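Welcome, and please open your viewer before reading on. We will go from stop to stop, with something to select at each one.

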Amino acid sequence: MGVKASHNQMKTRFWNDPDKRALLFQVIVAAVVAFLVIVIVDNTVTNLEKRGITTGFDFLDQSAGFGITQTLIDFDESHSFGRTFIVGLLNTILVSILGIMLSTVVGFLVGVGRLSGNWLVSRLCGTYIEIFRNIPVLLQIMFWYFAVLRILPSPRQSLSLGESVFLNVRGLYVPEPLFQSGAVWLAAALFLAIAASFLLVFCNRRRQRQTGQTLPVAWMSIAMLLGLPALVMLFGQNLVVWEAPQLKGFNFRGGITVLPELMALLLGLVFYTASYIAENVRSGIESVNKGQTEAAHALGLSRGRTLRLVIIPQAMRVVIPPLSTHYMNLIKNSSLATAIGYPDMVSVFMGTTLNQTGQAIEIIGMTMAVYLMMSLLVSLLMNLYNRKMALVEKSA
């Protein structure tokens with residue numbers, strides 16, 4: 001009788017123990033997921049065999065047989081599908097980096113302007129937010145492409161700036177810098193200016209802690225970054241030659257060409273994402289206690305320095321976490337480029353390459369892995385930055 005009671009007590013303890021019960025449920029869920037994965041893989045392999053479709057990544061070595069309008073590396077019809085993957089990846093990374101940088105700048109400016117004491121500036125920023133935040137990003141991209149850029153004049157009637165920058169229906173054409181053999185001195189001057197700027201920031205912070213006084217670091221850094229390379233170019237001979245675009249036949253040749261598809265995609269992504277970032281900036285600034293502003297003004301700080309030195313550093317703990325989501329959404333929304341023909345990852349690899357090879361599983365899997373890794377990388381970097389900001393605040 002005692003043994004039976006002890007057995008029932010052990011059984012009762014197992015079901016009443018939340019840790020053991022949670023472990024059991026996790027094992028059951030993992031087993032169900034593993035079973036579903038096995039069934040899906042088995043059905044996929046069986047169906048592929050019935051249709052005579054081979055699997056593997058040998059197709060990456062085959063010749064692509066098509067061209068791409070924008071490439072950051074050399075590419076033509078003779079290159080392989082593997083190089084097509086790299087071209088699409090680089091184009092996607094280009095849009096993502098430019099979009100993140102520009103949307104951050106625009107979002108912060110609009111967010112700060114939303115709280116401006118100037119009635120006109122505040123209302124304009126508020127109108128911008130309400131318009132661009134409530135229109136789907138795909139519609140915005142198509143608006144910029146079809147309603148704005150596609151109605152520009154032909155190359156012969158291009159809009160020009162100083163006979164060196166041209167804008168027409170085929171894109172934006174700007175001079176291209178061609179670096180000569182002595183350009184290494186220009187690179188050395190730029191590197192020295194960057195190192196000097198970091199050293200200046202470090203010394204300025206140390207000076208502020210010791211004396212409470214600061215230097216105009218921003219203006220001094222800009223002067224060094226522009227001045228040192230300019231001096232090298234002034235005293236050097238033909239370190240950089242600018243190749244201006246020239247109209248030859250029906251289009252421009254030479255220089256750097258920015259496709260209208262790239263401009264439309266960036267405009268749509270930047271203005272859409274910046275509207276959300278602006279609201280995060282506004283909420284972050286408003287989360288800072290009003291007493292901080294009053295204390296800064298009592299110490300004699302101007303409104304601009306109060307915002308830059310007191311308010312924004314404290315508001316960043318509210319602003320940074322949502323930024324990760326907006327950045328990742330921008331990267332994923334860049335796949336909408338296929339709607340206007342921009343040669344990104346989805347268009348040239350998951351589109352054209354998939355149609356020519358039929359390797360759907362491999363191509364879709366590689367494309368999904370790329371976007372997954374890019375999102376995880378952004379999340380990792382933003383989490384590290386958020387942790388750094390939190391440590392700075394605690395030490396202060």
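A crossing of two helices is called left-handed if the near helix is turned anticlockwise from the far one by less than a right angle, and right-handed if clockwise. Keep that in mind for two of the stops below.

A word on the model first: it is predicted, so local features need pLDDT of at least 70 and side-chain atom pairs count only at pLDDT 80 or more, while totals for chains, interfaces and linings use all residues. Residues are numbered from 1 along each chain as its sequence is written, and side-chain values use heavy atoms, with hydrogens and water left out. Helices (H or I, at least four residues) and strands (E, at least two) are DSSP runs, numbered from the N terminus.

**Stop 1: a helix pair**

Select helix H6 (residues 183-211) and helix H7 (residues 217-235). Two packed helices are described by the angle between their axes and the distance between the axes. Here the axes come within 9 Å and cross at roughly 160 degrees; axes are lines fitted to C-alpha atoms, for helices over the stretch in contact, and angles run from 0 to 180 degrees between N-to-C directions. That angle makes H6 roughly antiparallel to H7 (under 35 degrees is roughly parallel, over 145 roughly antiparallel, 65 to 115 roughly perpendicular, and the rest oblique). The crossing of H6 and H7 is right-handed.

Now show side chains. Residues in the contact (heavy atoms within 4.5 Å) include Trp-185, Leu-200 and Asn-204 of H6, and Met-220, Pro-229 and Met-233 of H7. By class, the contact has 18 nonpolar, 3 polar and no charged residues. In this scheme Ala, Val, Leu, Ile, Met, Phe, Trp, Tyr, Cys and Pro count as nonpolar, Asp, Glu, Lys and Arg as charged, and the others, Gly among them, as polar.

**Stop 2: another helix pair**

Next, select helix H9 (residues 290-298) and helix H10 (residues 303-333), which pack at an angle of about 140 degrees with their axes 10 Å apart. That makes H9 oblique to H10. Their crossing is right-handed. Which residues meet here? Gln-292, Thr-293, Ala-296 and His-297 of H9 touch Arg-303, Thr-306, Val-310, Ile-311 and Gln-314 of H10. The residues of this contact divide into 3 nonpolar, 5 polar and 1 charged.

**Stop 3: the sheet**

Colour the strands E1, E2, E3 and E8: they form an open sheet in the order E1-E2-E3-E8, with antiparallel pairing (two strands pair if DSSP finds at least two bridges between them). At the edges are E1 (159-161) and E8 (256-258), each pairing on one side only. The twist averages 15 degrees from one strand to the next.

Walk across it. E1 and E2 pair over 3 bridges, with Leu-161 partnered by Val-165 in E2. In their hairpin, which has 3 residues between the strands, zoom in on Gly-162 and its positive phi near 65 degrees. E2 and E3 also form a hairpin, with 2 residues between them, and Asn-168 has Gly-171 in E3 as its bridge partner. From E3 (residues 171-174) to E8 there are 3 bridges; Val-174 is partnered by Ile-256.

Buried means under 20% relative accessible area, exposed over 50%, and partly exposed in between (1.4 Å probe, protein chains only).

**Last stop: one threonine**

Select Thr-104 in helix H3 (residues 81-114). Is Thr-104 buried or exposed? Thr-104 counts as buried because its relative accessibility is 19%. Leaving aside its neighbours within four places in sequence, Thr-104 is in contact with Ile-277 and Tyr-327.
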